[in-house]
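Visitor: I have just opened this model and would like to learn how to read it step by step. Could you begin with the place where the chains meet, and then take me through each chain?

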Amino acid sequence: MPVAGAQPAAKTAVPGKVQDAARRTAPHVTIRGLSKRFSDATIYDNFDFDIPRGKLISVFGPNGCGKSTLINMIAGLVAADSGEILFDGRPLNHIKFGYVFQNYREAMFPWLRAFENIAYPLKAMGVPKAERIVRVERIVANLNVKIDLRLYPYQMSGGQQQLISIMRALVVDPEILFLDEPFSALDYEMTLFMREQLQRVFVETGTTTVLVSHDLEEAVYLSDRILLLSRHPARAVEFVHYDAARPRTDRTLSEAEFISTKAHCLEVFQREVRKA
Amino acid sequence: MRRFEVLLPFVGVAVLLAVWSLTVWARVVDPVLLPSPLATFRAMWIGMTSGKLGVDFLKTVERTIYSTAIAAVIAIPLGILLGSSEKLYRSVEFLIDFFRSTPASAMFPLFLVLFGVGDRTKISVAAFGAALVILFNVAYGVINARKTRILAARVMGASRIRVLWDVMLLESLPQTFVGLRNGVSLALVIVVVAEMFIGSTDGLGQRVFEAQQLFDMPDMYAAIFAAGALGYGLNLFFLTIERRFVHWSGK
């Protein structure tokens, strides 16, 4: 089975190179007129945005501007007050997606072994057991993961647990992957390791990935695009492109393009923060 | 030093036995009221192996297990049902809290009228008390299931029934075991009290009461210790099951 996102055109019913090209360049997710109010604040007011296909995009902005709320609304965890979010023109319940929570401790099922945790979304979808095993084993092999999957989550380190969550999100061959501050509960050493893991997953699968981050260096380092949000009600202040080649390494961090992109994002961010 | 630490749990027991022996030896208390540890344990041994104490012990075990089992069969499904809808739980919360706070012993006369003098009354009062404790804990376990875990299951496409079955039920298991342990302790208390006062001919409560009436102190202490051992054993039994089946509890 092809890995999701690697050959997006293969799934379309319409043949022909023109449509393929159009489809490749068309936005993956279209957000139109999105509004969300919490009791004390309007977080989104008629928000429009397009998420490009096959890119890793980071959402970055001031505290409480609604970074997580945005991906939670896109992934259906939080209901929007109004507006429309479509994936290639289809609603959420027609697509397969993966979601990685910040709090892996509470998102894993401690009564299941790591292997069964990864297989759970397939079980929820009604995939027969034999196929579940095959698909989990395939993703383990693809990502070259060397963890004893017979362990229970509480027997693993935080990084290993989060890696299991990422595999659990990927096992369904998602069209899009959401990560909500996935590394912020990990120590620095583990965070660095997990960034590399995520980058590898992205390079290997090419899945459209939306990452919420509170670490600007991480956001720029990992992303093709950085969505900079204003204070609420959130606007897309800028959609910064960063097209450095992958795999990016420690050396990337000292390259001029990286430094200038990061500096630019920081400048925009601070301007937005001061507006309050 | 390490080898010494293994012995720590026995220190308290040794001190108690020493103080007890000393009290008897020094005749601080009337020997009729306080027999020596040796006399007590001899009475316990004889009673358990060839006397009536063993029969009474088993009778109390039987009643406690019956009442806890009945309580669990009723309270666990009901607790899951109530816990799965917070509105439903809030609407009956007062009733549960009220009857949970009502001393079950105050219900004896009512149950006597309903079930007559016999095992059914003892078992049903104990089951009533235990059921409310279990119900309350199960419902809270389900209500307090981690929201993230439920969201995670939903995001992975699990249906409502599947979320209830795969997540909420398992999430509530540690709390269910807390309920079962509290429930069985309460059931034992109620059964022993019922055996003392509701025209009983057997059971540990009746044994203690009868020994006291006959002023047979070694027998009375023996029956008290047997009841203590039973309570401790039941708690340990549930803890062992819990560790085995709810291995993730507290982790």
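Guide: Let us start at the interface of this predicted model, where 16 residues of chain A are in contact with 13 residues of chain B. The elements of chain A that each give two or more residues to this side are helix 3 (104-107) and helix 4 (114-124), and the largest share, 3 residues, comes from helix 4 of chain A.

Visitor: How many nonpolar, polar and charged residues does the side of chain A that touches chain B have?

Guide: Sorted by class, that side of chain A holds 14 nonpolar residues, together with 1 polar and 1 charged residue.

Visitor: What scores does the model have, and which elements of chain B have the lowest and the highest mean pLDDT?

Guide: The general idea is that where pLDDT is low, the predicted coordinates should not be read in detail. Here the model scores ipTM 0.81 and pTM 0.80, while chain B averages a pLDDT of 91, with 100% of its residues scoring at least 70. Among the elements of chain B, the lowest mean, 79, belongs to helix 1 (residues 2-6), and the highest, 94, to helix 4 (residues 53-84).

Visitor: What radius of gyration does chain A have, and what would a compact globule have?

Guide: A compact globule of 276 residues would have a radius of gyration near 19 Å, and chain A, which has 19 Å, agrees with that. Along its principal axes, the C-alpha trace of chain A spans about 55 × 45 × 40 Å, and 40% of the 276 residues count as buried.

Visitor: How should I read a sheet, and in what order do the strands of the open sheet in chain A lie?

Guide: Chain A comes to 9 helices and 9 strands, and 3 strands form an open antiparallel sheet in the order 2-1-4. Strand 2 (41-51) and strand 4 (82-87) of chain A stand at the edges with a single partner strand each, so one side of each is left without a neighbour in the sheet. Neighbouring strands of this sheet are turned by 20° against each other on average, direction ignored.

Visitor: How many bridges join strand 1 to strand 4 of chain A, and which helix packs on the sheet?

Guide: Strand 1 (residues 29-38) and strand 4 of chain A run antiparallel and are joined by 5 bridges, and A:Arg32 stands opposite A:Glu84 in strand 4 of chain A. Helix 2 (residues 67-74) of chain A packs on the sheet, touching strand 1, strand 2 and strand 4 of chain A, and its direction makes about 120° with that of strand 1 of chain A.

Visitor: Why is helix 4 of chain A described as largely enclosed?

Guide: Helix 4 of chain A is largely enclosed by the rest of the structure because 8 of its 11 residues are buried. Among them are A:Phe115, A:Ile118 and A:Tyr120, and the buried residues of this helix pack against helix 5 (129-142) and helix 6 (158-170) of chain A. After helix 4 of chain A comes A:Gly126, whose phi is positive, near 85°.

Visitor: How many helices and strands are there in chain B?

Guide: Chain B has 11 helices and 0 strands, and its C-alpha atoms fill a box of roughly 70 × 60 × 30 Å along the principal axes. Of the 251 residues of chain B, 38% count as buried.

How values were computed
Residues are numbered from 1 along each chain as its sequence is written. Chains are lettered from A and ligands numbered from 1 in the order in which they are written. This is a predicted model: local features need pLDDT of at least 70, side-chain atom pairs count only at pLDDT 80 or more; totals for chains, interfaces and linings use all residues. Two residues are in contact if their C-beta atoms, placed from the backbone, lie within 7 Å. Helices (H or I, at least four residues) and strands (E, at least two) are DSSP runs, numbered from the N terminus. Ala, Val, Leu, Ile, Met, Phe, Trp, Tyr, Cys and Pro count as nonpolar, Asp, Glu, Lys and Arg as charged, and the others, Gly among them, as polar. pLDDT is the predictor's confidence in each residue, from 0 to 100. The radius of gyration is taken over C-alpha atoms; the globule rule is 2.2 Å times the number of residues to the power 0.38. A residue is buried if 20 or more other C-beta atoms lie within 10 Å of its own, exposed if 12 or fewer, and partly exposed in between; C-beta atoms are placed from the backbone. Two strands pair if DSSP finds at least two bridges between them. Axes are lines fitted to C-alpha atoms, for helices over the stretch in contact, and angles run from 0 to 180 degrees between N-to-C directions.
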